[in-house]
Protein chains: 2
Amino acid sequence: MGVFWQNGYKATSISDVVRETGLNTASMYKEFGDKEGLFSAALDHYRDHVIGPRYRILIDNPNLEGVEMFLRNVFLGAAKSEYKGCLMMNHLAQKHVISPEAAEQVGAFCAEVESLVETALRNAQADGDIGPDKDTAQLASFVIFCVHGTVLYGRHDEKKHVIPNFYDMIMREIRE
Amino acid sequence: MGVFWQNGYKATSISDVVRETGLNTASMYKEFGDKEGLFSAALDHYRDHVIGPRYRILIDNPNLEGVEMFLRNVFLGAAKSEYKGCLMMNHLAQKHVISPEAAEQVGAFCAEVESLVETALRNAQADGDIGPDKDTAQLASFVIFCVHGTVLYGRHDEKKHVIPNFYDMIMREIRE
DNA sequence: GTTTTTTTAAAATAAATGTTCTAAAACTAA
DNA sequence: TTAGTTTTAGAACATTTATTTTAAAAAAAC
């Protein structure tokens, strides 16, 4: 997963993976079938063990505060110097280079997070934390849209530091 | 350029390029040196002949209206079904897979567009079209941040259609 | 403790990759 | 026309790629 995250699917060779993991080539093929299967498993692992815990915050706090914490988390992560983006979203620009299966995993992942944000926003609306006239589905899309922006804009080493400043703008747009 | 745009640097082979262009392998190497040189030239061509004319709108209209037209243009482009993103920004997630030279071209391109937006916003501020307390540099960053978001979010075929809806939110954030 | 199964290391394979070479063809200048 | 240069087609090269095979080593089952 780490190598795919760092270099992307196409620029990651099996030899890279074997070297990095110390695994045996044959047993890797036995376990994962082929490179696509391996990548698919890497996506699953990323979802379940790396990024899942990070958006758990939305499950535990399905309200405005949860969205705030989630966004802050994303923005602060991107401001770090070793930022590698998101294994899933990193591959959106090369959607047809990965397997259709993997592309669907990526799509499903993004949709899932967006849906968590929407639930939180709907609750926030019920709580009176955001206006009753707000379109929560659209706001959720906008939040995830901004996460996508973070994934790419965060690669500009000299500019990424401004990302946390966007937090107030986006939250204002959600609240008011 | 088309193949690099469609598949990305790493997933584009010289044979692909030769097949697609009908060029001779040897003359291609003579002209561009190697694959990296070819990619670099593709980036230049994209900048000068594909995307340049599209952000010319910012040069011709260095004011709020120019920013509005630019953003609308970007958003409408992404909503199209054959959307391929931006050749430059597409490669941000694979920055260390392309040559340092190419990576710098990408960075310079993004910085240039951002600077055009900032100039336009500064003029808009002078025109009284946006508040005098607004941080135009930060707003310009936010606009380009959203363009980055578009490049990735626009790859979700089932969701991209909502992108134009973000236009009002972003412009409100700029104006008010 | 022997047999059976699984895992390993490493060589082998076949295709694709980036790049260069060769010799013929096409073009240019005198 | 002739001599010189450039371009072409395409084979050749060396490396890397994903994947499979082989035979030995390790582990599990009986």
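Helix axes are lines fitted to C-alpha atoms over the stretch in contact, and angles run from 0 to 180 degrees between N-to-C directions. Angles under 35 degrees count as roughly parallel, over 145 as roughly antiparallel, 65 to 115 as roughly perpendicular and the rest as oblique. Helix 4 of chain A and helix 5 of chain A are therefore roughly antiparallel to each other.

This is a predicted model, in which local features need pLDDT of at least 70, side-chain atom pairs count only at pLDDT 80 or more, and totals for chains, interfaces and linings use all residues. Residues are numbered from 1 along each chain as its sequence is written, while chains are lettered from A and ligands numbered from 1 in the order in which they are written.

## Chain A

Chain A has nine helices and zero strands, where helices (H or I, at least four residues) and strands (E, at least two) are DSSP runs numbered from the N terminus. The C-alpha atoms of chain A fill a box of roughly 60 × 35 × 25 Å along the principal axes. Of its 176 residues, 39% count as buried; a residue is buried if 20 or more other C-beta atoms lie within 10 Å of its own, exposed if 12 or fewer, and partly exposed in between, with C-beta atoms placed from the backbone.

Two residues are in contact if their C-beta atoms, placed from the backbone, lie within 7 Å. Among contacts in chain A between residues at least 6 apart in sequence, 66% join residues at least 24 apart.

## Helix packing

| Helix pair | Angle | Axis separation |
|---|---|---|
| Helix 4 (residues 35–60) and helix 5 (residues 64–79) of chain A | about 160 degrees | 8 Å |
| Helix 6 (residues 100–127) and helix 7 (residues 136–153) of chain B | about 130 degrees | 8 Å |
| Helix 5 and helix 8 (residues 166–175) of chain B | roughly 155 degrees | within 10 Å |

A crossing is left-handed if the near helix is turned anticlockwise from the far one by less than a right angle, and right-handed if clockwise. Helix 4 of chain A passes helix 5 of chain A in a left-handed crossing. On the helix 4 side of this pair, R54(A), Y55(A), I57(A) and L58(A) meet G66(A), M69(A), F70(A) and N73(A) of helix 5. By class, this contact has five nonpolar, two polar and one charged residues. Here Ala, Val, Leu, Ile, Met, Phe, Trp, Tyr, Cys and Pro count as nonpolar, Asp, Glu, Lys and Arg as charged, and the others, Gly among them, as polar.

In chain B, helix 6 and helix 7 are oblique to each other, and their crossing is right-handed. Residues of helix 6 of chain B in this contact include C110(B), V113(B) and L121(B), and those of helix 7 of chain B include L139(B), A140(B) and I144(B). The contact has nine nonpolar, three polar and three charged residues.

The angle given for helix 5 and helix 8 of chain B makes the two roughly antiparallel. The crossing of helix 5 and helix 8 of chain B is right-handed. E68(B), L71(B), R72(B) and F75(B) of helix 5 make the contact with F166(B), Y167(B), I170(B) and M171(B) of helix 8. These residues divide into six nonpolar, no polar and two charged.

L64(B) is also found in helix 5 of chain B. With 20 C-beta neighbours inside 10 Å, L64(B) counts as buried. Its C-alpha atom is separated by 6.1 Å from that of L121(B), 57 residues apart along the chain. Not counting residues up to four places away in sequence, L64(B) touches A124(B), D127(B), D129(B) and I130(B).

## Interface between chains A and B

In the interface, 32 residues of chain A are in contact with 32 residues of chain B. Helix 8 of chain A gives the most to the chain A side, with 10 residues. By class, that side has 15 nonpolar, 12 polar and five charged residues.

A residue is near a strand if its C-beta atom, placed from the backbone, lies within 6 Å of it. The residues around DNA strand C include N24(A), S27(A), S13(B), Y29(B) and K35(B). The surface near DNA strand C has four nonpolar, six polar and two charged residues.

Around DNA strand D, the residues include S13(A), Y29(A), K35(A), N24(B) and S27(B). The surface near DNA strand D divides into four nonpolar, six polar and two charged residues.

Just after helix 3 of chain B, G33(B) takes a positive phi of about 85 degrees.
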